[in-house]
Amino acid sequence: MELITSIILIVFAILQIVLFFKIWGMTNDVKDLKNKLESKKENASNWSKDFALKMTLNQKEQAKEILYKEILSSKVFAELMRSNTATEAYKLNMIEKINNEYDIYLKAIGESSFTIDCDNRIYNVFR
């Protein structure tokens, strides 16, 4: 009986050690995820600073390029591109969301709204 109890205790001790190292590894993974999310957040705000700098320097074409890169990499645009079979009303709604979100930037470069031909095959790279 003591032999069985000893074996069970040894197995549980080994399992606890394994569990400890697994949890330790997971905390490192969480730390990496946190760092990646923070760097994405910093990059997201940098485009608007770059845009403002180009507008201040009266470089509207470069500012327009920065703005369109941001729009084309946005979640709303990705959703619009993935909606192949969506109704025209849905597509217009998504374009309206983009226009509302980037309204002040579009007006700064002299454009009233963002327009796109969703059926143009050149945009398939975003699908």
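Trainee: Before we start, what is a nonpolar core here?

Mentor: A nonpolar core is a set of buried Ala, Val, Leu, Ile, Met, Phe, Trp, Tyr and Cys residues joined through side-chain atoms within 4.5 Å. Keep in mind that this is a predicted model.

Trainee: Thanks! How many residues does the largest one have, and which have the most contacts inside it?

Mentor: The largest nonpolar core has 19 residues. Leu-67, Leu-80, Ile-98 and Ile-116 have the most contacts inside it.

Trainee: And which helices each supply at least two residues of this core?

Mentor: Helix H1 (2-56), helix H2 (60-72), H3 and H4 each do.

Trainee: Let's stay with Leu-80. What does it touch, leaving out residues up to four places away in sequence?

Mentor: Leu-80 touches Lys-91, Met-94, Ile-95, Ile-98, Ile-116 and Cys-118.

Trainee: How do H3 and H4 pack, parallel or antiparallel?

Mentor: Helix H3 (residues 75-82) and helix H4 (residues 88-101) pack at about 165°, with axes 10 Å apart. Angles over 145 degrees count as roughly antiparallel, so H3 and H4 are roughly antiparallel to each other.

Trainee: Which residues make that contact?

Mentor: From H3, the contact uses Val-76, Phe-77, Glu-79 and Leu-80. H4 brings Tyr-90, Lys-91, Met-94, Ile-95, Lys-97, Ile-98 and Glu-101. By class, the contact has 7 nonpolar, no polar and 4 charged residues.

Trainee: New topic: where is Glu-111, and is it buried or exposed?

Mentor: Glu-111 lies in the segment after helix H5 (103-108). Its relative accessible area is 19%, and buried means under 20%, so Glu-111 is buried.

Trainee: What is Glu-111 in contact with, beyond its neighbours within four places in sequence?

Mentor: Glu-111 is in contact with Lys-64, Tyr-68 and Leu-106.

Terms used:
Residues numbered from 1 in each chain as written. Predicted model: local features only at pLDDT ≥ 70, side-chain atom pairs only at ≥ 80, totals over all residues. Heavy atoms only, no water. Axes fitted to C-alpha atoms, helices over the stretch in contact; angles between N-to-C directions. Helix = DSSP H or I, 4+ residues; strand = E, 2+ residues; numbered from the N terminus. Parallel < 35°, antiparallel > 145°, perpendicular 65-115°, else oblique. Contact = heavy atoms within 4.5 Å. Nonpolar A, V, L, I, M, F, W, Y, C, P; charged D, E, K, R; others polar. Buried < 20%, exposed > 50% of the residue type's maximum accessible area, 1.4 Å probe, protein only.
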